[in-house]
Amino acid sequence: MSMDIFEQMLSRYPMDTADARRNATYEVMQQVVLCGLYRGGFFSEAAFYGGTCLRIFHGLERYSEDMDFTLLRKDENFTLEKYFPAIVDECRLLGREVEITRKDKQHFGKVESAFLKDNTDVYNLSFRTEKSVKIKIEVDTLPPLQFDTEERLLLQPFSFMTRCVTLSNLFAGKMHALAFRQWKHRVKGRDWYDFEWYVRNGVPLNFDHLKVRIKEFNGMELDKAQFVELLKERLTQADINQVKADVRPFVKNPHDLDIWSNDYFIQLANMMRYE
């Protein structure tokens with residue numbers, strides 16, 4: 001029966017290609033991880049955010065591999081290890097054996113560590129049988145605060161609630177990444193895709209939270225006009241072909257990217273709404 005539940009969850013996704021099946025497997029496993037964290041009581045002290053949160057709970061039309069969490073209060077002594085048993089047990093109930101390991105920051109690659117604070121704990125969850133499927137879990141233990149959360153419902157593998165950062169605050173986190181992430185020769189097009197989604201869906205940006213993030217991460221104090229100027233500079237300088245190439249494997253319809261150009265994103269920046 002447990003295997004049936006896992007396969008039933010997979011069956012909701014198109015799996016006509018190897019990439020599609022891989023993306024579906026990631027998303028089902030992410031939901032199982034959320035379920036385990038819920039059972040373990042994790043969401044009494046943390047919230048889900050980032051692209052995977054946007055995908056699972058708000059219908060973002062791209063797949064996402066990583067899972068990002070933020071504590072509700074700063075706690076440099078926090079460790080996710082106490083929740084490992086709940087995650088492992090939940091996976092086992094669905095017939096999946098997994099391993100969770102904490103990553104040593106000293107062995108991060110330059111690209112991977114470029115946007116991580118020293119107080120972000122990182123873990124890898126992998127199948128014992130399918131080593132190619134590996135979910136990176138990040139937990140910010142000393143997060144920029146002044147953000148709001150809400151409870152969001154998932155119905156599989158059973159009905160449970162996940163505490164999530166609200167959309168306007170998720171938007172703030174994404175704009176911080178888009179404006180400041182240092183990817184050198186590897187532009188993260190998934191940031192651009194999410195930016196387009198927020199603007200298209202009329203989500204207002206919580207600029208107060210964005211200011212807190214910029215000050216704590218980057219030591220800068222910017223008003224809206226200064227931020228938009230900095231953002232447009234990044235949007236103008238990026239190689240749009242690299243941006244498209246990064247996100248293309250994660251989207252259902254690559255033709256959605258045909259309109260993308262530097263000017264297109266400049267116009268999106270002019271259409272942003274604020275809380």
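1. Helices here are DSSP runs of H or I with at least four residues, strands are runs of E with at least two, and both are numbered from the N terminus. Please keep in mind that this is a predicted model, where local features need pLDDT of at least 70 and side-chain atom pairs count only at pLDDT 80 or more, while totals for chains, interfaces and linings use all residues. Residues are numbered from 1 along each chain as its sequence is written, and side-chain values use heavy atoms, with hydrogens and water left out.

2. Helix α3 itself spans residues 51–58 and is mostly covered, with 8 of its 8 residues buried. Buried means under 20% relative accessible area, exposed means over 50%, and partly exposed lies in between, using a 1.4 Å probe and protein chains only. The buried residues of α3 are Gly51, Thr52, Cys53, Leu54, Arg55, Ile56, Phe57 and His58, so the list takes in Arg55 and His58 under that definition of buried.

3. Next, have a look at helices α2 (residues 18–40) and α4 (residues 84–93), which pack at an angle of about 130° with their axes 8 Å apart. The axes are lines fitted to C-alpha atoms, for helices over the stretch in contact, and the angles run from 0 to 180 degrees between N-to-C directions. α2 and α4 are therefore oblique to each other; angles under 35 degrees count as roughly parallel, over 145 as roughly antiparallel, 65 to 115 as roughly perpendicular and the rest as oblique. The crossing of α2 past α4 is right-handed, a label used if the near helix is turned clockwise from the far one, with left-handed used if it is turned anticlockwise, by less than a right angle. On the α2 side the contact is made by Met29, Val32, Val33, Cys35, Gly36, Leu37, Arg39 and Gly40, and on the α4 side by Ala86, Ile87, Glu90 and Cys91. Contact means heavy atoms within 4.5 Å. By class these residues divide into 8 nonpolar, 2 polar and 2 charged, where Ala, Val, Leu, Ile, Met, Phe, Trp, Tyr, Cys and Pro count as nonpolar, Asp, Glu, Lys and Arg as charged, and the others, Gly among them, as polar.

4. Cys91 is in no disulfide, and a search of the whole structure finds 0 disulfides; the cut-off is a pair of cysteine sulfur atoms within 2.5 Å. Both cysteines are buried: Cys35 has a relative accessible area of 0%, and Cys91 has one of 1%.

5. Helix α9 (residues 224–237) has a partner in helix α11 (residues 262–270), packed at an angle of about 165° with the axes 8 Å apart. α9 and α11 are therefore roughly antiparallel to each other, and their crossing is right-handed. Leu231, Lys232, Leu235 and Thr236 of α9 meet Asn262, Phe265, Ile266, Ala269 and Asn270 of α11. The contact residues comprise 5 nonpolar, 3 polar and 1 charged.

6. α9 also packs with helix α6 (residues 167–180), the axes coming within 8 Å and crossing at roughly 55°. α6 and α9 are therefore oblique to each other, and this crossing is left-handed. From α6 come Met175, Leu178, Ala179 and Phe180, which meet Phe227, Leu230, Leu231, Arg234 and Leu235 of α9. This contact has 8 nonpolar, no polar and 1 charged residues.

7. At 21% relative accessibility, Leu230 counts as partly exposed. Leaving aside residues up to four places away in sequence, Leu230 touches Ala179, Phe180, Met220 and Leu222. Leu230 and Phe180 are 50 residues apart in sequence, and their C-alpha atoms are 9.1 Å apart in space.

8. Finally, two backbone details for your checklist. Most residues other than glycine have a negative phi, and most peptide bonds are trans. Gln146 has a positive phi of about 60° although it is not a glycine; Gln146 lies in the loop between β5 (134–140) and β6 and is exposed, with a relative accessible area of 56%. A cis peptide bond joins Gln156 and Pro157, with omega about 5°, and Pro157 sits in the loop between β6 (149–154) and β7 (160–165).
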